[in-house]
Amino acid sequence: MKKRRFGLALSLVLAAGTLLSACGKDEGNGAEGGKDKKDALKVGMVTDAGTIDDKSFNQGTWEGILQASKELGVQEKYLKPGGTTEADYLKEIGNLYDAGYKFIVTPGFKFETAVFQAQDKYKDANFVIIDGSPNDGKNDPVVADNTVSIFFAEHQAGFVAGVATALELKEGEAGFIGGMEIPPVQKFNWGFQQGVAYANENLGTKITIKKENVVYQGSFDNVAAGQQLAAQMFDKGVNVIFAAAGGVGVGAINEAKTRVKSGKEVWMVGVDVDQYADGIYEGDKSVILTSAMKKIDHASFDMVKRFLNKDFPGGETLIYDAANDGVGIPEENPNLSDETVKQVKEVYEKLKAGEIEVSAEQGDLFK
Amino acid sequence: MSYVVEMFNIRKEFPGIVANDNISLSLKKGEIHALLGENGAGKSTLMGVLFGMYQPERGIIKVREKEVRITNPNVANQLGIGMVHQHFKLVENFTVTENIILGSEPLKGLVLDIDKAAKRIEELSKHYGLNVDPYAKIEDISVGMQQRVEIMKMLYREAEVLIFDEPTAVLTPAEIDELMKIMRNLIKEGKSIIIITHKLKEIKAVADRCTVIRRGKSIGTVNVAEASEESLAEMMVGRHVNFKVDKKESTPGDTVLKIDSVSAKNNRKVMALKDFSLEVRRGEIVGIAGVDGNGQSELVEAITGLRKVESGNILINGEDITNAPIRHRIEKGIGHIPEDRHKRGLVLDYRLDSNMVLEVYNKRPFAKNGLLNFGEIRAYAENIFKNFDVRSGEGGASLARTLSGGNQQKAIIGREIELDPDLLIAVQPTRGLDVGSIEYIHKRLIEHRDKGKAVLLVSLELDEVLKLSDRIAIINNGELVGIVQASETNENEVGLMMAGISKERSV
Amino acid sequence: MRNTIVSIIAILLGLIAGGLLMLAIGSNPIEGYNYLLQGALINIERIGNTLATATPLIFTGLAVAFAFRTGLFNIGAAGQMLAGGLAATAIALTFEFSRPVMLILMILGGLLAGALFALIPGILKARFNVHEVVSTIMMNWIAYWSVYYIVPGYFKGPSLETESQKLPDEYTLRAPFLSDMFDGSYINYGIFLGIIAVIIIAFIIDKTTLGFELKAVGFNRHAAEYAGMRVNRNIILSMLISGALAGLGGVALYTGNASSMQIGLLPSQGYDGIAVALLGANNPIGVFFAAILFGILYSGTGFMNAMTEIPPELANTIIAIIIYFAATSVLIHRIIDKVKRSKANRPEHKKGEA
């Protein structure tokens, strides 16, 4: 008896749902955003694996879009795909498109094949792909007129961080922990090694990097493994670790915090964004010496802005490097002395001017 | 005359059946009152109502002449009613004391005061002659002792009325005597007892009055002293019961089973069967008598292939099957009515008809090219149900789990006899069954013998072994003590041999 | 019948709970569910995508359910999928055959690889009584790192470091006629494989002596042993079949829904298979519908997100709640029993024959 009544109530609710939904169809947009945003550009983003606050790609891209929302009045929305296959990505791109978001930003090389298809399928939409270029997985990249592909000079970011690290510590041992062994991570590594070497040769520092202290963990999310790797390196006498490894890096930073709290002096170098806040162990003191930054938020903000200014560089592949302030170390570096900051600035200017060349290849560097 | 418990016109229904229909029972202070009935007659339900496990649809319960509502077992406990269940509710790796105080732990400040409890248990134990060691672990003590722990639990909680649910089903003859003694002690100290049972001998031995129920209805209450076993059985079953087994003289033929100095280990990797030799011939029933845990299970498992043989040989009709797979042994003609029908005998979640082909499902006509023929299976099963009087709610479609114990056992026996095995091994075939079923099963085993087949009977009930067997092999501590002709022996002689006292005159 | 009712109640409870969560964050649940359904089913392309999303779940759900029928808990469907997907991908990238021959080889290769990955836990269980939950989980990581090593080492794509080469179109389960029929959806032959698998597994379980044995072992291995069934052989066989099914799920996912293998990922469909099996009451047909439901939920979430103010993280929570409730069917069984009993106790509801 009771059960039947319950069932009846349920079916009523469901029936009501179907009825209401029919009238609700066109009201969907009205509920969201302010009135002045009604006709504003709708900017959508599909996240890569990981959360929106990943201190990396997702977060950087999203912060740029949020800035655009605040300053340029666009409407923003991000979607999280259920998996990481091309089909998963395409599905979310389709969802954004169907919901009226026709300016779509995708962070990461994993979107290459999905954007390749989407730029053809949704010709009246615009795409920005960061750290990748649309391709079908076999042939050369095709950047359609409605798409911009953006790359960063990670090696330059690593280089500047390497110089800053060497200058601040003067002597000691450095290590590197990478996530997956993929080009952006590798370039950070190689740039960092070149930066340290540059400082040793030209600025009188004595920082060594041993081959066994350059490792790739193999994932971007194994926090425990990062902690272990860092512990091993610190035990072997490493003073500073540059971690370009997402969650693995978080583990390494945690290890460094523990050690500093127990009186040891070890440092970390952050990656992608300014990780100073992540390394805080007490008050406002942080284990993050500096960070090798890719200014992803600049890139996504720039693209929205240029689109609104009818200046969208469709079909182009852009490189963000020192020359256009797309990479570097943070503005504020509480753990660097004024002297170091000054010297780094000089090196950065030379890099900008092309007086220093940083190689994006392995050459005779470790890994 | 004062009654401690009175139940008037109790009615309790379960889906599809009326378990108790207008049943009344009154318990005098200081008496042992037997509740007699076949399996499924409604005894346990009635006691469940008294113990607060079920709520009756109708009827009144009075305790010490005050009407009460017993809504759950805690209320029953508060009223001084305690129950020893058929399956003990003990924590294996706790000590006796810990088990007894579980749920009403004595505290000294915030700390458990085990010693105080243990002391009290010791006193109670002495007072009632229970002989329980408060510091022993449950897993280390015998089943009989565990039962006494359950009794102690009730005494510790100061129960005045004690309900025993089939207390002797798990006990050896000696332990049963011991239990009877304890019951009499309890009465002497002013407790009152209800004992649920279908064993007439025990009622005669210990009970003062007896209430008989049949199919949920009250048949009557009698003074045990004025009733005979036969009259009680008739009240219970509703017809005249034949206690004597009609059995012709056996005419043994060729040897079917030959066990040649077989040794086997038990689950704890200790040698439990030592150099055991025995032959069973066509047309005879050989009984194995022994106290529980003396190697009977290992012997049966060695023959059926469920246990590895360490040394020695087992032959069926001359063929060595010592290391043969189980299926091969079944095909060679071994039928096995297992000791534990729930563990081995049935797939409880299978339909009953599927259970009837458990050993032959892959043979024609039940299967062809790996496909089951459900029509054939159903017909085959129906035939067994008819021949062996297996009753179930929905026939072959019922889950085996839903049948009463007696019907489950009849189904297993039917399945094994239907295979027409040269050697039928029946282990405790009537355990926990009522008189009617026992009578029926005994008849079937003898019929199988009379067809010229061999039967190996293993039972802990000495009565049963004496009644059915042609020859009796006595086992003690894994060794064969001796073999006697059933017609030339008696309970005393076999009882002595079971205790390991050998005799010269072996057959 | 009863299982169906239980599953439907479980889903409804899940939807209600999810709806309450939407209310709690100030969204309109009716609107939310409406967009969820639209996202999954509003046009033919989305229906196709929903079916394709459900396809790997059909396989993993069947894999878990089949093992469960034999009393085994195969938690390693994810690793078996990887093994199956890797084998199929490797075959397609190494050899050249006509399309039909190649597809058959890929399917067989994936099936065998999945079976092999489940065989090891099966043998460990049968021989050494190693619990399959432990060993299958460990096999997941072996598969994970094998892919991690093999894909970049031997099948690396020209541009993507973390993915294998893309399979040529003719060597995938995608079919132009299907994509056209479903308006550009990525639905593929996998769904047909799934339906065939459902039918075959249902047939094995219900109609064959093999199924009779496997179920007997699952319900009561002591009785099965008593009756002369070879328990260990059945355990191994059950794991083999379960692994083969999961391996096919890998083929469907990596050469149908996707067309390349990615490293550093355990497919979530492996664990979702457990929920699918539970909701489907370990019955092949039930598994099929449960997988379709999951497909609807997973496909529709994005559109619900895009059209409402529900943040993606909460949308996933809502889906998780629905799944969680769906997996609690055991509880619902008990509640129904209780209701039935109290009903039966009231005399006026007495039935004639139970």
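Analyst: Contact here means heavy atoms within 4.5 Å. Keep in mind that this is a predicted model.

User: With that in hand, which elements are included in what covers the buried residues of α12(C)?
Analyst: Start with the helix itself, residues 269-279 of chain C. Its buried residues are Q269(C), G270(C), D272(C), G273(C), I274(C), A275(C), V276(C), A277(C) and L279(C). What covers them includes, from chain C, α1 (2-24), α3 (44-69), α4 (77-94), α11 (231-257), α13 (284-307) and α14 (312-326).

User: Why is helix α12 of chain C largely enclosed by the rest of the structure?
Analyst: A residue goes down as buried when its relative accessible area is under 20%. The helix has eleven residues, and it is largely enclosed because the number of them that are buried is nine.

User: Moving to chain A, how far apart are the centres of domain 1 and domain 2?
Analyst: The domain assignment gives each domain in two stretches: 36-152 + 295-327 for domain 1 of chain A, and 154-293 + 337-353 for domain 2 of chain A. Taken over C-alpha atoms, the separation of their centres is 29 Å.

User: And what area do those two domains of chain A bury between them?
Analyst: On the contact side, 13 residues of domain 1 of chain A meet 15 residues of domain 2 of chain A. Carbon and sulfur atoms hold 53% of the buried area, and the total for domain 1 and domain 2 of chain A is about 1,300 Å².

User: Which residues of domain 1 of chain A lose the most area to domain 2 of chain A?
Analyst: Three residues together account for 40% of what the domain 1 side of chain A buries. They are K55(A), A322(A) and V327(A).

User: Which side chain meets D325(A) in a salt bridge?
Analyst: Across the interface of domain 1 and domain 2 of chain A, the rule finds one salt bridge. For D325(A), the N to O distance is 3.3 Å, and that falls within the 4 Å cut-off. The partner is K352(A).

User: Now chain A against chain C: what area is buried there?
Analyst: The contact draws 44 residues from chain A and 41 residues from chain C. Carbon and sulfur atoms give 56% of the buried area, and the total between chain A and chain C is about 3,800 Å².

User: Which residue of chain C forms a salt bridge with E86(A)?
Analyst: Between chain A and chain C the rule finds four salt bridges, and the count of residue pairs in polar contact is eleven. For E86(A), the closest N and O atoms are 3.3 Å apart, and the partner is K166(C).

User: What area do chain B and chain C bury?
Analyst: Here 34 residues of chain B touch 25 residues of chain C. Carbon and sulfur atoms give 60% of the buried area, and the total between chain B and chain C is about 2,600 Å².

User: Which three residues supply more of the area that chain B buries against chain C than any other three?
Analyst: The trio's share of the chain B side is 22%. Its members are R344(B), Y350(B) and Y361(B).

User: Which element gives the largest share of the side of chain B that touches chain C?
Analyst: Elements giving two or more residues are β1 (3-14), α10 (326-331), α11 (341-345), β20 (371-372) and α14 (405-418) of chain B. The largest share is four residues, and they come from α11(B).

User: Is R215(B) buried or exposed?
Analyst: R215(B) sits in the loop between β11 (209-214) and β12 (217-223) of chain B, and has a positive phi of about 50° although it is not a glycine. Its relative accessible area is 66%, so R215(B) is exposed.

User: Last one: which residue does a cis peptide bond join to R364(B)?
Analyst: The omega of that bond is about 0°.

Conventions:
Residues numbered from 1 in each chain as written. Chains lettered and ligands numbered in written order. Predicted model: local features only at pLDDT ≥ 70, side-chain atom pairs only at ≥ 80, totals over all residues. Heavy atoms only, no water. Domains from an automatic or database assignment. Buried area = accessible area lost by both parts, 1.4 Å probe. Buried < 20%, exposed > 50% of the residue type's maximum accessible area, 1.4 Å probe, protein only. Polar contact = N/O pair within 3.5 Å; in protein donor to acceptor, adjacent residues only side chain to side chain.
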